[in-house]
Amino acid sequence: METVNNLGVMIAGPAGSGVFVSSVILGKMFLRHGLSVFITNEYPSLIRGGHQWAQIQVGFGEEVYAHRKKVDIVLALDRISVEEHVADLKPSGCIICDEGDVGAKAGNDASIRPLPLRKIVREIGAPSVTVNTVGLGVIVGALGGEADVAEGTIREQFRGRGELAELNVELFRRGYELGKKLDGEFRLRVPISASLERSGEARLLVDGNSAVALGALSAGLTFFASYPMTPASPILHFLAEVQRDLGIIVFQPESELAAINMAIGAAYAGARSMVATSGGGFSLMVEALGQAAMTETPILIVDVQRPGPSTGLPTHTAQSDLRFVIHASQGEFPRVVLAPGDPYQAYVLANRGLNLAWKYQIPVILLSDKYLGESFWTVSVFPNLGVEDARVSRERVSGFFPRYKVTEDGVSPLIFPGTPGSLVYANTSEHDEYGFGTIDPLKVKEMQDKRLRKYQSLCEEAEKSGVETVGSGGAVVATWGSTKQIVLEALKRVSGVKMVQVVWMEPFPRKKLLSEVYGKKLLVVENNATGQLASLIREHLLIEPSNVLLKYDGRQFFPEDVESWIASQVEG
Amino acid sequence: MSLVDPSVFDTGRRPVWCPGCGNYSILLALRKALAELEVSPERVVIVTGIGCHGRISEYMKTNAFHTIHGRVLPLATGIKLANPNLLVIGHSGDGDAYAIGLGHLPHAARRNVDVKLIVHDNMVFGLTTGQVTPTTPLGLKTRSTPFGNFEQPLNPVLLALSSGATFVARGFSGEVEHLKEVFKGAIRHRGFAFVEVLQPCVTFFNTYNTLRRKIYKLEDAGHDPSDLEKAIKLSLETERIPIGIFYRTSRPTLEDAFIHAMNPPVALRQKPADTKKILERFR
């Protein structure tokens, strides 16, 4: 028997058939068996009728970072899914589907397992959409998973809806029995039961969007305003749901213009605030980005990227907003752009981002993407990072407070309206130390210099924590955002290559990055058409990468493609 | 008479508006209203947009946020939600509120956020030297409509009424005492208060004599401000122009919807929320 250290499962079906819920239940079941899990999905911008799929990758004794081209099992919930995903099977893989969905013959040597899935649903008298739960049971049974673990996961998924939970558990059990019978003849030879180990530290299975929300909460987030936009909306849904438990304000206003202005108003009043959107919504927020900079009001802006320009591909992934968010707005001012590559980093950088916004009184942009935002990874339990103190003044001034006091590092003392005896004037027009408008050339330059002086400290922060590396070797693959995960997956099977992830995109950690790539063969991999990280490397490091691999069809790279590209580049 | 002198709200800076501008009266009426209601300056936040009206934050000795063009209402909403102890008064012009910022007005009205919006409506762009706005009368020649305005002007009072505003009033800059009383009514009102102030632009569209001739006071006409249908009818009058309180009603505010986040207000929180329980769902 060939030893396998990972397993790929795909669940496919029409939109509205519970594909995503099933994938999370299955993923969680694997997590609770102590395994490393990754889940991603693909869907069109439709509510019903479109075809969608989720892929679950499970690691046995190794971490899984990304999806792969071929899977071991496909649970196909309709005939289209059978036909569509035969090609995604490994030679040893199989398709589990209902008897009635076997149409065209499967190609290669894949085996189709037609089972009476719908018959079971009918026997129990459950709604037809619950066929996915029977299928889940088949998979878990066939792989020798523990039924009680899976049933616990199902009950949690349907918490508060007792009858529905028990119905789904019953459907699962019937599928599980069916799956157990398959075990002997199952073409897949994955010793899952032997791999089961529930020892070790408990870990989390979390998506990038939730991780961003949790990271911001850990830094004291109390005000969140957001206009729905795929793929950032899950941040809004998550925070909206937990707002009453946490005593925070989560609000959906009339537009992104309103969202960011509300968040800036709340921050001026003293509340740590955040907005989340995708590139199109960010476009609308740009005028207020400059407002936050000019009034030195802290704000954390999350851009979960999708392909553009314009409406682009609403439900797909890209890394094409990098140059845009670095340069957006008229005028010149300091900002920070952070790009996490996995949910753990998303948590840490959302915390850091909100803290930096308040420490320096600047806009901070957290640049995520659909692949990171809507995919799930297994990560260590999030650390307790806490709130860094902002420079809030205890001094009481009678009358107007010098809110824009000229200081050595450019950061002025902060107070909020309502402070006894003191008044605070924020002004989007150029202003003096008290906020009053000015056109005096000396004062204008003094205030510009004051704001821009923050760059010095920010550059130091960027050099300190702006680059992450994994491995070592004479060649370097530089990447950013969720593409880091693809590169890590690819480098499992290529040696002598170091992965360098740029995390601080602005200010750019030029010295640190230079020290990591200097004298080495430099390759760049990113999910856009023009090589935006590569262009930043040229600009800041004055180095021409030896080659750049780009993808811009709305999909993340396959690690297999990155692996063979890197291998071919390193050989040469 | 109040114990507070209106001059406590004076920054001592000399306004740069044209002599005879209606903004002087609005500034004066506002200071007087706040003084008579004995509001402490540190509790007040004036939010101003872009236009001649926007200079008012330079002359009001209160907290202030001089925001970007058209965004007075969302900015004011954020301040109020974060700290409802503050009295948030928005100032906007007819360009700021009805052209670039119109998308926010009906929403502020229907969600009944407890902020006050005072619109300085002179029916023309002043600061950018005399272009058409959404309240410019039909046919008026401006620098951007040299052959006459071809767009039907907006009816802001009717818009506010139909959007669900809980306090709708109109004032005239030529009637400072009356305007002061309207402002006092707006400030006392719990919920969104919309006050449209008709004023001349002495440089680009001097309507003083016309307005003076046409206006009459709703109190004198015995109008009952709880009557929405009557208020809508009155808002349609053009031959004579009613000023005063058109409509006033009571409804839960936006802050009431976030009562779970008000004790203490989020702006005054020291510690991050405890997410321990929520993290359990990812295990």
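Guide: In this predicted model, the C-alpha centres of domain 3 and domain 4 of chain A are 39 Å apart. Domain 3 of chain A gives 6 residues to the contact between the two, and domain 4 of chain A gives 7 residues. On the side of domain 3 that touches domain 4, 4 residues are nonpolar, 1 is polar and 1 is charged. The bounds of these domains are 391-465 for domain 3 and 467-571 for domain 4, while domain 1 covers 6-200 and domain 2 covers 206-379 of chain A.

Strand S17 of chain A, residues 425-427, leads from here to the other chain: S17(A) runs parallel to S2(B), and 3 bridges join the two strands. Within this pairing, Ala426(A) has Phe65(B) of S2(B) as its bridge partner. The strands belong to an open sheet of 9 strands with mixed pairing, in the order S17(A)-S2(B)-S1(B)-S3(B)-S4(B)-S6(B)-S5(B)-S8(B)-S7(B). S17 of chain A and strand S7 (215-217) of chain B stand at the edges; each has a single partner strand, so one side of each is left without a neighbour in the sheet. From one strand to the next, the twist averages 20 degrees.

Further along that sheet, strand S3 (residues 87-93) and strand S4 (residues 116-121) of chain B run parallel and are joined by 5 bridges. There, Gly93(B) stands opposite His120(B) of S4(B). Helix H7 of chain B, residues 176-188, lies across S3, S4, S5, S6, S7 and S8 of chain B, and runs at about 160 degrees to S5(B).

The contact between the chains takes 55 residues from chain A and 43 residues from chain B. On the chain B side, the elements that give two or more residues are helix H2 (56-59), strand S2 (63-66), helix H3 (72-82) and helix H11 (276-279). The largest share of that side comes from H3(B), with 8 residues. By residue class, the side of chain B that touches chain A holds 22 nonpolar, 14 polar and 7 charged residues.

Chain A also has an open sheet of 7 strands, with mixed pairing and the order S9-S8-S10-S11-S13-S12-S21. Strand S9 (249-251) and strand S21 (504-506) of chain A are at its edges with a single partner strand each, so one side of each is left without a neighbour in the sheet. Neighbouring strands of this sheet are turned by 20 degrees against each other on average, direction ignored. Strand S8 (residues 223-225) pairs with strand S10 (residues 273-277) of chain A in the parallel sense over 2 bridges, and Phe224(A) has Met274(A) of S10(A) as its bridge partner. Helix H10 of chain A, residues 256-269, lies across S8, S9, S10 and strand S11 (299-305) of chain A, at about 165 degrees to S10(A).

Helix H8 of chain A, residues 208-218, is mostly covered, with 11 of its 11 residues buried. Among these buried residues are Asn209(A), Val212(A), Leu214(A) and Leu217(A). Just after H8(A), Gly220(A) adopts a positive phi of about 95 degrees.

Terms used: Residues numbered from 1 in each chain as written. Chains lettered and ligands numbered in written order. Predicted model: local features only at pLDDT ≥ 70, side-chain atom pairs only at ≥ 80, totals over all residues. Helix = DSSP H or I, 4+ residues; strand = E, 2+ residues; numbered from the N terminus. Nonpolar A, V, L, I, M, F, W, Y, C, P; charged D, E, K, R; others polar. Pairing = 2+ DSSP bridges. Axes fitted to C-alpha atoms, helices over the stretch in contact; angles between N-to-C directions. Domains from an automatic or database assignment. Buried ≥ 20, exposed ≤ 12 C-beta atoms within 10 Å, placed from the backbone.
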